[in-house]
Amino acid sequence: MTASPIVEIRQLSKTYPGAGRPAVDGVDLAIAHGRIFGLLGPNGAGKTTLLSMLCGLLPPSSGSLRIRGQDVRHQDAAIKRRLGLAPQDLALYPYLTARENLAYFGGMLGLHGAALRRRLDYCLDTAGLNDVADRRVETFSGGLKRRLNLVIALLHEPELLILDEPTVGIDPQSRRFIHENLKRLNAEGMSIIYTSHYMEEVEQLCDEVAIIDHGRIIAQGSVDELLAAPREATIELRTSVPPPPAAQAALRALAHVHTAEFDGKFVVLTSAAPQTVAPAAMRLLHENGVETTSLSFGAMHLEQVFLALTGTRLRN
Amino acid sequence: MLTIFHRLAAAVIKEIRLILRDKEALIILFIMPMVFVLILSLALRDSFHERAGVRFALLIVNQDRGPVGDKLVEIFSQSANFRTEVVTANGPVPSAAALDADLRAGRYKFAFRIPPKTSERALRRVQQQLGLQPTGKVPEASVALTLLSDPTVRGDQRALVQAALNRALQGVESGMLLQQFAAIGKRLAPFAANVPGVPALRAPKTLDAFAEVKDPDETGKPYKEQTPTSVQQNAPAWTMLAMFFLVIPLSVTLIKERQVGSLTRLQSMGAPAWVLLAGKILPYFVINQVQLVLILIEGMYVLPLFGGDVLTIGDAPVAIALVSVAASLAAIGFGLLIASFSRTPEQATTFGATSVLVLAAVGGIMVPKLVMPPAMQRLGDLSPMSWGLEGFLDIFVRGGGVAEVLPECSQLLVFAAVCLIIAVWQFARRMANVS
């Protein structure tokens with residue numbers, strides 16, 4: 001599928017006044033139309049800053065940002081009509097009901113009368129909030145609030161939906177509900193940018209992924225491409241007891257082992273020859289009185305890609 | 001154009017819903033000031049009366065059908081120190097018990113009865129004393145008038161009123177004396193004309209060897225020193241405080257909107273900043289006007305039911321509206337200023353409440369400026385709440401109109417504009433740095 005880019009970002013940087021280093025640092029990104037694009041990175045990696053610039057909320061320090069070929073800085077109002085942002089915070093009024101919240105934001109978008117009512121019904125349907133539409137939001141569970149927070153971004157039928165951590169702190173049922181809806185909206189033609197620090201979510205949902213850390217894009221491509229990229233494999237072991245220092249030293253010294261990390265009963269090794277290293281490591285631990293309770297290598301997932309790229313785990 | 005109207009309508013409806021569902025805000029904005037007006041107007045009623053000069057409610061039951069009764073009624077009706085009501089012998093005369101009950105209820109502070117035939121009896125007594133009545137008649141006793149009073153009236157005030165009554169009676173006596181002289185003079189006139197050195201006796205109606213002792217002329221008093229009644233001071237004072245207390249709900253809702261990201265969302269939707277601002281200002285402006293109207297109604301109609309003075313508000317409704325609009329804009333500007341510099345609702349509540357209470361204390365809201373020493377009064381002139389209060393007092397107490405309140409309104413509007421400019425500048429600075 002050849003898709004024209006809906007978002008083009010070139011050499012985008014943002015340094016907050018008084019900050020030592022840039023929050024976003026020379027980012028280049030092209031996001032194709034009609035895709036679900038995942039922006040993956042730990043908290044504080046620069047995701048929200050990047051999205052704020054994309055939505056025209058924050059002026060970039062340098063670089064360019066185009067949506068549908070229009071410069072965000074020059075075409076503010078026109079571009080904003082194409083975007084729907086669901087911010088990370090629950091941008092809701094607790095004293096108002098779900099319907100009143102939607103009516104307010106719809107009104108601020110300039111919707112009124114029958115058009116507003118139609119969009120209210122659509123949004124309540126989409127979020128599955130019909131039964132609680134006239135209850136005050138302060139009485140809602142975290143999951144219901146997240147759903148409402150999301151559908152407010154759909155009020156004006158945007159071309160591009162931008163979701164900043166839309167599933168933080170909610171139950172699996174609401175998360176599944178949100179994911180199903182996003183897939184359906186995407187199938188109907190909506191482009192979606194989805195930020196998260198949950199690897200599995202992005203893996204399941206997104207066509208394309210960019211990994212961001214310390215304000216820089218460190219990898220970009222389809223999920224399959226990222227997982228297939230040849231690089232050092234990660235070998236993860238769980239042990240019966242934390243390995244003693246002698247065992248840790250021996251593992252570090254093992255042939256073909258590049259790095260070794262220890263976290264209690266959790267051991268992570270990187271190596272270009274996992275088939276050789278895995279049995280050797282198990283044997284060595286056994287000789288030091290430590291039994292291996294689980295072992296995995298080979299089947300890469302994004303968590304491991306991230307680890308391999310940055311040498312650190314995703315900070316939760 | 002229509003879109004802007006719908007956006008503004010949505011913003012106003014949202015804000016009104018939020019306020020109506022915020023019980024604490026409703027208590028602060030409406031209940032608190034109305035309770036304060038009621039309690040303090042009643043509590044301070046008498047001390048304001050004393051400052052303004054005493055004016056007692058007096059009932060005269062005039063059962064005399066002669067000149068003495070008429071003269072006494074005239075003297076007390078014309079006195080600035082009495083608010084006199086008269087019951088004449090033509091109407092139903094209250095019984096002693098009814099009179100007593102009225103006094104106990106505080107309806108009148110003082111009452112006296114002028115008994116039937118007082119004029120005739122007094123005249124007979126004067127003529128007998130002057131030896132003008134044929135001898136052998138039954139001697140007439142002095143006519144006794146009794147001054148009745150509300151049992152709560154202080155002794156010194158009672159003594160004052162007694163003295164005033166005695167002075168009035170002496171005036172009547174000397175008038176009667178002069179009349180008798182006039183009659184004698186008339187009879188002696190033919191004889192006097194024939195006796196050299198004896199002047200024709202003239203008998204004026206009154207003598208005025210001494211000028212009456214009076215307060216300095218009230219109209220000559222400096223304009224600003226005319227004193228309000230308790231309710232004239234308290235109603236506008238607490239209205240000003242109530243108006244400025246919107247600082248708390250206004251700034252708290254604004255900061256919460258910023259904290260939870262709804263301002264970010266609205267910005268991302270392209271909602272113009274001025275619509276957001278107008279959506280805040282309009283509902284609070286309406287609330288301020290409702291506060292004023294409620295407190296005026298309370299002062300005019302509710303307070304008298306509790307024994308307080310009726311609030312008189314002059315006759316310049318346009319001037320009242322002008323002060324109210326200017327004061328409201330000043331309060332809203334101040335609220336936005338506090339909101340723009342506070343990071344959390346707690347900061348806004350603490351700083352908002354403290355600054356409003358200090359401005360109120362300094363500005364003569366809690367303690368009238370009249371009782372403050374001059375240095376404190378000058379300090380109080382710096383408080384915008386004092387400007388609003390003085391504006392209302394110009395109208396209520398000093399009979400001022402639009403021209404008289406223009407200086408205060410200008411001060412309030414300049415204050416509002418300065419606050420608004422600083423607040424918008426600070427908001428813009430913050431917005432440029434959101435993370």
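**Figure 1. Domain layout of chain A.** Chain A is divided into domain 1, residues 5–226, and domain 2, residues 233–310. The structure shown here and in the following figures is a predicted model. Taken over C-alpha atoms, the centres of domain 1 of chain A and domain 2 of chain A are separated by 38 Å.

**Figure 2. Domain layout and overall dimensions of chain B.** In chain B, domain 1 is made up of two segments, 2–48 and 228–431, while domain 2 spans 54–214. Between the C-alpha centres of domain 1 of chain B and domain 2 of chain B the distance is 54 Å. Along the principal axes, the C-alpha atoms of chain B fill a box of roughly 115 × 50 × 40 Å. The radius of gyration of chain B is 32 Å, whereas a compact globule of 435 residues would have a value near 22 Å. Chain B contains 16 helices and four strands. Of its 435 residues, 43% are buried. Among contacts in chain B between residues at least 6 apart in sequence, 80% join residues at least 24 apart.

Figure 3. An unreviewed UniProt entry annotates residues 25–44, 235–255, 275–297, 317–339, 351–371 and 410–428 of chain B as "transmembrane region". Residues 235–255 of chain B are 90% helix and 0% strand, with the end C-alpha atoms 31 Å apart. For residues 275–297 of chain B, the content is 100% helix and 0% strand, and 33 Å separate the end C-alpha atoms.

Figure 4. B:Ser230 belongs to helix 8 of chain B, which comprises residues 230–244. B:Ser230 counts as buried because its relative accessibility is 1%, under the 20% limit for that class. Apart from residues up to four places away in sequence, B:Ser230 touches B:Leu40, B:Ser41, B:Leu44, B:Arg45 and B:Phe48.

**Figure 5. Nonpolar cores.** The largest nonpolar core has 62 residues. Those with the most contacts inside this core are A:Leu102, A:Tyr104, A:Met108, A:Leu148, A:Leu161, A:Leu182 and B:Leu266. When residues up to four places away in sequence are not counted, A:Leu182 touches A:Ile36, A:Leu150, A:Leu161, A:Leu163, A:Ile192, A:Tyr194 and A:Leu205. A second, separate core of 51 residues includes B:Met240, B:Met243, B:Ala331 and B:Ala353.

**Figure 6. Packing of helix 5 of chain A.** Helix 5 of chain A, residues 142–152, is mostly covered, with nine of its 11 residues buried. The buried residues are A:Gly143, A:Leu144, A:Arg146, A:Arg147, A:Leu148, A:Asn149, A:Leu150, A:Val151 and A:Ile152. Within chain A, the buried residues of helix 5 pack against strand 6 (83–86), helix 3 (98–108), helix 4 (113–127), strand 7 (160–164) and helix 6 (172–187). These residues of helix 5 of chain A also pack against helix 10 (262–268) of chain B.

Figure 7. A:Ile162 lies in strand 7 of chain A. With a relative accessible area of 0%, A:Ile162 is buried. Leaving aside neighbours within four places in sequence, the contacts of A:Ile162 are A:Leu51, A:Leu54, A:Cys55, A:Leu83, A:Gly84, A:Leu85, A:Ala86 and A:Ile193. A:Pro60 is 102 residues from A:Ile162 along the chain, and their C-alpha atoms are separated by 18 Å.

How values were computed
Residues are numbered from 1 along each chain as its sequence is written. Chains are lettered from A and ligands numbered from 1 in the order in which they are written. This is a predicted model: local features need pLDDT of at least 70, side-chain atom pairs count only at pLDDT 80 or more; totals for chains, interfaces and linings use all residues. Side-chain values use heavy atoms; hydrogens and water are left out. A nonpolar core is a set of buried Ala, Val, Leu, Ile, Met, Phe, Trp, Tyr and Cys residues joined through side-chain atoms within 4.5 Å. Buried means under 20% relative accessible area, exposed over 50%, partly exposed in between (1.4 Å probe, protein chains only). Contact means heavy atoms within 4.5 Å. UniProt positions are given in the numbering used here, feature names are shortened, and annotations may be inferred rather than shown by experiment. Helices (H or I, at least four residues) and strands (E, at least two) are DSSP runs, numbered from the N terminus. The radius of gyration is taken over C-alpha atoms; the globule rule is 2.2 Å times the number of residues to the power 0.38. Domain bounds come from an automatic or database domain assignment.
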